[in-house]
Amino acid sequence: MKKVLFLCTENSCRSQMAEGIINYYLSGEIQAFSAGVRASRVNPRAIQVMAEIGINISNQRSKSLDEFRDDRFDLAVTLCDQAQKECPIFLAADRLIHVGFPDPAQATGTEAEIMTEFRRVRDAIRQQMVPLLRKELLESGTERHDGLKKPS
């Protein structure tokens, strides 16, 4: 099974959502992990918007990149510009790419407006990362699944 590591600054929102999305939609094909340049906590709003689409990330925890120093990954993906700048060369990954998303934790306004931003970022991660990882890690002649359906 292919392994991917999602990296953000604090491993609280975007990387946590990406880990949950990939482990749900590409289960059995790609195993996703997430980490931050520094660990913090999983944002409760990220947990809530993921639950809205049937993905439970409430048991995930924020992790530092140091926890993965001895692990090997097929791909590492930075999801925020700050992590791209701060992330040291991650030698335990065959490749490192950057796909940036805005930080929903920085959203301002009413609670409804903030939650709308969390949902927008969640949906953008799902719409971009599932096909990207299929292309980057699975197109080597293996059977692919159409759309965003969870493999059966």
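Me: Two residues are in contact when heavy atoms of theirs lie within 4.5 Å. On that basis, which helices do the buried residues of H2 pack against in this model?

Reply: The model is a predicted one. In it, the buried residues of H2 pack against helix H1 (14–25) and helix H4 (111–138).

Me: Which residues of H2 are buried?

Reply: Helix H2 spans residues 44–52, and Ala 46, Val 49 and Met 50 are buried in it. Viewed down the axis of H2, these buried residues fall within an arc of 100°, so they line one face of the helix.

Me: Why is Ala 46 called buried?

Reply: The term requires a relative accessible area under 20%. Ala 46 has 0% relative accessibility and therefore counts as buried.

Me: What is Ala 46 in contact with, leaving aside its neighbours within four places in sequence?

Reply: Ala 46, which belongs to helix H2, is in contact with Ser 12, Cys 13, Met 17, Ile 57 and Phe 118.

Me: What makes Asn 43 a cap of H2?

Reply: A polar contact is a pair of N or O atoms within 3.5 Å. A side-chain oxygen of Asn 43 lies 2.8 Å from the backbone nitrogen of Arg 45, and Asn 43 caps the N-terminal end of H2.

Me: What is found just after H2?

Reply: Gly 54 takes a positive phi there, of about 80°.

Me: How is the protein arranged along its sequence?

Reply: The protein has 4 helices and 4 strands, and they follow the pattern β-α-β-α-β-α-β-α. Of its 152 residues, 47% count as buried. Among contacts between residues at least 6 apart in sequence, 69% join residues at least 24 apart.

Me: What is the volume of the largest pocket, and which residues are the closest to its centre?

Reply: The largest pocket has a volume of about 180 Å³. It is lined by 14 residues, and Thr 9, Glu 10, Arg 14, Cys 80 and Asp 103 are the closest to the centre.

Me: How many residues of each class are in the lining of the largest pocket?

Reply: The lining has 4 nonpolar, 5 polar and 5 charged residues. Cys counts as nonpolar, while Asp, Glu and Arg count as charged. Cys 80 is therefore a nonpolar residue of the lining, and Glu 10, Arg 14 and Asp 103 are charged residues of it.

Definitions and conventions
Residues numbered from 1 in each chain as written. Predicted model: local features only at pLDDT ≥ 70, side-chain atom pairs only at ≥ 80, totals over all residues. Heavy atoms only, no water. Buried < 20%, exposed > 50% of the residue type's maximum accessible area, 1.4 Å probe, protein only. Helix = DSSP H or I, 4+ residues; strand = E, 2+ residues; numbered from the N terminus. Arc of directions from axis to C-beta. Polar contact = N/O pair within 3.5 Å; in protein donor to acceptor, adjacent residues only side chain to side chain. 1 Å grid on protein atoms, 1.4 Å probe; cavity = no way out; pocket = protein on both sides within 12 Å on 5 of 7 lines; lining within 4 Å. Points joined across faces, edges and corners; volume = space filled by probe spheres on them.
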